[in-house]
Amino acid sequence: MKIALGVTGGVAAYKAAELVRRLQQEKLDVQVVMTRAAQEFITPLMFAALTGQKVITDMFSAAGAAPANLESAIEHIAVAQRIDLLLVAPATADILGRFANGIAEDFLSTLYLATKAPVIVAPAMNVNMWEHAATQENLAKLRARGVHVVDPDEGYLACGMTGAGRLAATETIAREVCDVLGLRHDLAGHTVLVTAGPTCEDLDPVRFLTNRSSGKMGYALAEAARRRGAQVILISGPTELKIPESVDWIPVRTTEEMRRAVLDRAGSASMVIMAAAVSDYRPAAIHDRKLKRGEGHLTLELEATPDILKELSREKRGAILVGFAAETDRVAENAKDKLERKHADMIVANDVTQEGAGFDTDTNIVTMYSRDGREISLPKMDKFEVANRILDRVLEIHKQSK
Ligand code: CTP
């Protein structure tokens with residue numbers, strides 16, 4: 001597979017050399033693209049020597065002296081069509097701004113617009129620049145477009161300050177590349193059933209009870225499991241997300257529909273991950289005509305919905321069962337309680353009041369609680385990366401249970 005590695009101008013540019021080596025170990029063909037600022041920090045010769053390929057350093061010399069055809073003359077289009085992935089590491093605040101706003105004034109930002117390949121950015125910058133609203137808004141825009149962001153680490157920065165902004169470890173970036181390209185096949189042979197999104201409980205023909213779940217975490221899990229070679233069954237409440245390719249997608253609306261779909265299909269699954277935010281209550285009666293406004297208060301009678309996860313664990317089908325707990329307080333206590341009460345193998349908990357962990361965000365901050373007493377807290381990361389970490393842990397538990 002061929003990837004373009006964009007190197008932009010920051011002190012961390014030197015780390016891109018090590019990254020090239022690491023990506024080559026994955027048998028990836030790496031084409032380096034450097035911005036002008038990057039060349040102030042490290043020379044193109046370094047990358048040419050490592051990759052054995054001409055490094056693309058600017059918009060117009062890239063085409064070469066005597067283009068054989070129009071395509072090679074318009075090099076950014078040709079590169080854009082050839083690559084399976086565009087990775088930018090380190091990515092400066094400047095390049096994130098250009099990507100986010102569609103400014104194509106150099107080769108790299110033009111390549112970003114011209115390619116349909118997936119894109120990963122690994123930002124590195126001064127902590128104040130990282131925390132600036134402009135940078136965070138640009139990142140939010142990129143994430144919403146499906147760009148994968150490998151968040152920087154915290155630590156001592158070249159500018160002398162301490163904080164977030166240090167380029168993520170080479171290994172972390174390489175793992176994200178493998179996950180996005182589907183190079184890890186450790187779930188081959190597994191069937192992973194994922195539930196996602198909210199459920200809706202009708203009150204009358206025009207009104208229903210639901211919750212703020214966007215389905216993003218569940219869809220990220222389905223996508224990550226598929227890329228790692230699993231057969232995926234995605235049972236989804238109503239969401240606005242694109243239906244993922246090559247998964248068995250089963251749309252449902254109510255808790256009862258989700259319950260039936262899960263119980264029908266769980267028999268074939270070796271892992272069941274219940275990321276859906278299932279309604280706990282539903283109207284005791286569904287009115288077949290629209291409820292009319294009356295005098296005074298209206299009292300709704302609600303009844304409990306069946307607990308799908310609990311029912312599944314009672315049936316003991318042998319699959320690893322994972323539940324989610326979206327909490328607003330006493331997160332650890334509630335999560336451990338759910339682990340017991342629902343007889344799950346693992347509960348993935350998040351505090352939805354934390355910034356970057358709530359509903360409809362592209363990132364999440366989770367802690368995984370498992371039966372063996374282990375608690376693994378992950379920092380704020382892209383939901384796709386969280387999904388992969390969850391799958392790593394589920395696979396570990398599956399192996400231990402053998
Ligand atoms: N769940 C389920 N069936 C339900 C409700 C929840 O299978 N009727 C699953 C969810 O998909 C999730 C886990 O159980 O994986 C925890 O959901 P949550 O609503 O947090 O649990 P509850 O037991 O309903 O606890 P709470 O009182 O906090 O809502």
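Let's start at one pair of residues. Ser-236 has Pro-251 as its bridge partner, and Pro-251 sits in strand 12. Keep in mind that this is a predicted model.

Now widen the view. Strand 11 covers residues 231-236, and four bridges join strand 11 to strand 12. These two strands run parallel.

Which sheet do they belong to? An open one, built from eight strands. Read across, the order is 12-11-8-13-16-17-19-20. The pairing is mixed.

Look at the two edges. Strand 12, residues 248-251, stands at one of them, and strand 20, residues 375-377, also stands at an edge. Each has a single partner strand, so one side of each is left without a neighbour in the sheet. And the turn between neighbours? On average, neighbouring strands in this sheet are turned by 15° against each other, direction ignored.

Next, helix 1. The helix spans residues 15-25. Which of its residues are buried? Ala-16, Ala-17, Leu-19, Val-20, Arg-22 and Leu-23. Note that an arginine is on that list. What do these buried residues pack against? Three strands are among the partners: strand 1 at 2-7, strand 2 at 29-34 and strand 3 at 85-91. Helix 3, residues 44-51, and helix 10, residues 170-181, are partners too. After helix 1 comes Lys-27, with a positive phi near 65°.

Tyr-281, Leu-298, Leu-300 and Leu-302 make a nonpolar patch of about 410 Å². Take Leu-302 from that group. Its place is strand 15, residues 302-304. Its relative accessibility is 39%, so Leu-302 counts as partly exposed.

Now charges. How many salt bridges does the model have? The count comes to 34.

First example: Asp-186 and Arg-228. Their side chains meet at 2.9 Å, N to O. This pair links distant parts of the chain, 42 residues apart. Asp-186 is in the loop between helix 10 and strand 8, which covers 191-196. Arg-228 is in the loop between helix 11, residues 216-227, and strand 11. Is each partner buried or exposed? Arg-228 has 1% relative accessibility, under the 20% cut-off, so Arg-228 counts as buried. Asp-186 has a relative accessible area of 30% and is partly exposed.

The salt bridge here is 3.5 Å, N to O. Both residues lie in helix 12, which runs over residues 255-265. They are four residues apart, about one turn of the helix. Glu-256 has 21% relative accessibility, so Glu-256 counts as partly exposed.

The side chains meet at 3.3 Å, N to O. Where do they lie? Arg-374 is in the loop between strand 19, residues 366-370, and strand 20, while Glu-396 is in helix 15, residues 383-400. So the pair ties together parts that are 22 residues apart in sequence. Both ends are partly exposed: Arg-374 has a relative accessible area of 40%, and Glu-396 has 34%.

One last item. Some salt bridges share partners, and these join Asp-179, Arg-184, Asp-186, Arg-228 and Asp-392 into one network.

Conventions
Residues numbered from 1 in each chain as written. Predicted model: local features only at pLDDT ≥ 70, side-chain atom pairs only at ≥ 80, totals over all residues. Heavy atoms only, no water. Pairing = 2+ DSSP bridges. Axes fitted to C-alpha atoms, helices over the stretch in contact; angles between N-to-C directions. Patch = residues over 30% accessible without salt bridge, like charges linked within 9 Å, V, L, I, M, F, W, Y side chains within 5 Å. Areas by Shrake-Rupley, 256 points an atom, 1.4 Å probe, with all protein chains shown as cover. Salt bridge = Lys/Arg side-chain N within 4 Å of Asp/Glu carboxyl O. Buried < 20%, exposed > 50% of the residue type's maximum accessible area, 1.4 Å probe, protein only. Contact = heavy atoms within 4.5 Å.
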